[in-house]
Amino acid sequence: MTHSPDSSQVSNPLLTKWTGSFELPPFLSIGPDHFRPAFDRALTDHRAEIDAIAGNPVEPSFDNTIAALEASGRELERVTNLFFVLAGADTSDEVEAVERDVSPLLARHNNALFLNPALYSRIAGLYRKRRELGLDAEQARVLERYHTRFVRAGAALEKPAQDRLAAINERLATLGTRFGQNILADEKSFAMLLGEDDFAGLPDFARAAARAAAEERGEPNKYAITLARSSVETFLQFSSRRDLREKAFQAWIRRGENGGATDNRSLIAEMVALRAERAKLLGFATFSDYRLDDQMAKTPAAARGLLDEVWGRARRKANAERDELQALIAQEGGNFALAAHDWRYYAEKLRKAKFDLDEAEIKPYLQLEKIIEAAFETAGRLFGLSFKPVSVPLYHPDARAWEVTDSQGRHVALFIGDYFARTSKHSGAWSTSLRDQERLSGDIRPIIVNVCNFSKPSAGEPALLSFDDARTLFHEFGHALHGMLSNVTYPLLAGTAVSSDFVELPSQLYEHWLEVPEILQEYARHCRTGESMPKALLERLLKTRTFNQGFATVEYTACALVDLDLHSLSDATGLDVSDFERKDLDRIAMPAEIVMRHRLPHFQHLFSSGGYAAGYYSYMWSEVLDADAFEAFEETGNAFDPATAKRLRDYIYAAGNLREPAEAYKSFRGRLPTVDALLKKRGLADVASK
Ligand SMILES: [Zn+2]
């Protein structure tokens with residue numbers, strides 16, 4: 001660390017009021033050195049606020065305790081949000097060093113908040129007489145959530161247990177940070193440079209993307225395949241060079257498992273053991289019992305029930321798909337067994353043969369610019385929103401901003417989209433915020449950020465997406481809408497602050513509109529001619545919806561099952577992560593030709609922040625909801641039916657955490673969903689489950 005607290009206190013732009021356009025951070029004058037002193041001051045200030053609330057001599061009331069907590073720590077939140085946007089999307093050695101420093105500090109700060117006995121006794125007292133306080137529904141929900149959070153953090157435990165919990169939390173924060181940084185290091189250090197003989201099978205767009213990727217890494221006029229999903233998956237799909245496919249694939253699936261300083265396996269073993277210990281201290285048999293107790297699913301058994309319902313069918317379908325791919329290899333005179341690094345290549349060939357459809361034919365019609373417009377248009381039709389590009393300084397030249405307004409022209413939010421892969425960005429795609437909606441301290445409007453990792457084109461070339469990329473863009477934009485349409489008073493309940501098995505409903509549901517013909521037809525336009533996608537091609541594309549879904553479902557569901565099994569260990573001391581993964585995959589009879597979508601050594605959902613630990617099942621849990629929710633529109637015969645859209649907005653997109661998820665869903669749909677719509681969507685409805 002090189003910061004000097006004395007000078008930075010005076011001129012630290014993080015600690016002054018942000019008065020520029022949209023009250024954005026003054027990105028151009030912010031440097032990594034500003035963060036540590038800003039964190040130090042914001043943490044101290046928040047601690048003082050908490051102490052004042054906890055030590056208030058006046059009898060506890062909702063206002064002097066819960067509302068006061070809700071109003072506290074604003075500066076800390078502002079600095080934290082900004083810092084983690086940068087740490088995810090535009091990091092550097094300096095930012096990484098701050099992140100390593102600050103993560104345990106933040107964990108320590110949370111410990112001091114949630115394990116504060118005086119504060120807890122005020123909250124518990126209020127909670128006991130909650131019915132006599134004259135609270136409105138939202139206030140009652142906030143109080144209930146505070147009480148639950150404090151209890152789940154260990155506020156009601158004896159001091160020795162609390163001390164141990166505090167130590168565990170700090171250690172987990174440190175390990176999580178290292179986990180994410182190790183993966184980024186492995187991704188940064190790999191680039192497969194292609195020589196003139198190495199392009200066999202690659203369409204033009206893949207060549208162009210490889211050229212741009214090499215350029216980004218300081219190798220102009222060369223061609224590189226990187227471990228960004230868009231880069232490596234495209235290569236696996238098209239390259240006829242089996243040896244190179246294997247090389248790229250092996251590097252991809254071994255991220256975090258390469259031995260040496262960036263190997264994540266010992267970190268995982270320690271994290272899983274610490275989580276199991278924490279759950280026990282809190283009175284639960286395992287971490288997954290602890291985790292799911294506060295989710296929509298409630299129990300690991302309920303989550304597992306859904307996964308099992310799908311798993312048998314998915315395996316059967318995947319095995320049938322494998323046989324078809326193997327037959328194709330034989331037909332071509334190949335004399336080898338299909339391997340994992342062959343699957344995408346032969347699946348692409350088979351798709352072409354079966355549906356006369358190839359990705360290279362679709363791709364020129366899927367321009368990033370147009371797909372962004374399509375996502376905006378959908379939000380316009382459903383929720384009356386408009387989007388206007390605005391020119392404001394952001395943290396990276398590739399990030400862009402739009403002002404979002406409602407049908408009366410009122411400001412709703414600022415939306416930032418940051419779409420291209422680069423070495424300073426963690427892999428994957430996510431939605432986050434610089435500021436969340438609330439009304440407690442005035443009409444605070446949200447600033448939402450979407451981050452993706454699409455291949456960046458060379459200068460002057462249009463950015464083209466795969467259909468999966470386009471779906472990812474819609475997915476993250478669904479999360480963004482959940483933040484932008486949020487309509488609550490208390491920040492605790494705002495936007496995406498819902499349980500993780502419910503939070504994927506707004507995002508996954510939004511993906512459905514990409515496939516609505518009127519959207520696709522209008523916005524899938526050829527990058528050279530501007531012509532919309534021919535109807536026949538569009539129909540063929542939509543017909544392939546369930547193609548290769550056995551593979552996709554297996555690749556995902558295996559991850560969810562392994563996650564649940566790993567976090568259901570009641571004692572994880574001495575865990576051998578590789579051995580566990582292998583044996584667990586054997587137990588569920590994982591097809592040999594498919595590798596988990598995220599293997600444990602780079603499973604960021606579980607270990608970078610822990611947000612989805614014992615919670616990866618959430619995507620499928622939410623999919624049961626989204627498949628059923630979209631049917632609500634289909635039943636009206638109008639994908640934009642205004643009455644259905646209004647209910648969707650009122651009870652889901654705008655409602656944050658105002659209600660229990662099941663109650664919110666029932667208010668929208670009139671009933672809870674069954675698994676049928678999901679099975680149909682994935683083409684698994686007719687496949688035997690056993
Ligand atoms: Zn998501």
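## About the model

This is a predicted model, in which local features need pLDDT of at least 70 and side-chain atom pairs count only at pLDDT 80 or more, while totals for chains, interfaces and linings use all residues. Residues are numbered from 1 along each chain as its sequence is written, and side-chain values use heavy atoms, with hydrogens and water left out.

Helices (H or I, at least four residues) and strands (E, at least two) are DSSP runs, numbered from the N terminus. His479 is buried at a relative accessible area of 9%, and Glu504 is buried too, at 2%. Buried means under 20% relative accessible area, exposed over 50%, and partly exposed in between (1.4 Å probe, protein chains only).

## Helix H18 and its surroundings

H18 is mostly covered, with 15 of its 18 residues buried. From first C-alpha to last, H18 reaches 25 Å, close to the 26 Å expected at 1.5 Å a residue. The expected span of a helix is 1.5 Å times one less than its number of residues.

Glu515 lies in the loop between H19 and helix H20 (517–523), and its relative accessible area of 13% makes it buried. Its side chain forms a polar contact of 3.3 Å with that of Arg471. A polar contact is a pair of N or O atoms within 3.5 Å; within protein, one must be able to donate a hydrogen and the other to accept it, and residues adjacent in sequence count only if both atoms are side-chain atoms. Beyond residues up to four places away in sequence, Glu515 touches Phe467, Arg471, Leu542 and Arg545, where contact means heavy atoms within 4.5 Å.

Helix H12 (residues 265–281) has 17 residues, which should span 24 Å at 1.5 Å a residue; its end C-alpha atoms are 25 Å apart, in agreement. The buried residues of H12 include Leu267, Ile268, Met271, Arg275 and Arg278. Among the elements that cover the buried residues of H12 are helix H8 (159–189), helix H13 (287–293) and helix H22 (549–566). Just after H12, Gly283 takes a positive phi of about 90°.

Further along, Leu625 belongs to helix H25 (residues 618–636). Is Leu625 buried or exposed? Leu625 is buried, with a relative accessible area of 2%. Leaving aside neighbours within four places in sequence, Leu625 is in contact with Met296, Asp501, Phe502, Leu505, Tyr665 and Pro673. Leu625 and Asp501 are 124 residues apart along the chain, and their C-alpha atoms are separated by 9.8 Å.

## Strands E3, E4 and E5

Strand E4 (residues 399–405) is mostly covered, with six of its seven residues buried. E4 pairs with strand E3 (residues 386–390) in the antiparallel sense over five bridges, and with strand E5 (residues 411–420) in the antiparallel sense over seven bridges. Two strands pair if DSSP finds at least two bridges between them.

## Cysteines

How many disulfides does a search of the whole structure find? It finds zero disulfides, a disulfide being a pair of cysteine sulfur atoms within 2.5 Å. Cys452 is in no disulfide, and its nearest cysteine sulfur, that of Cys527, is 20 Å away. Cys559 is in no disulfide either; its nearest cysteine sulfur, that of Cys452, is 20 Å away. Cys452 is buried at 0% relative accessibility, and Cys559 is buried with a relative accessible area of 0%.
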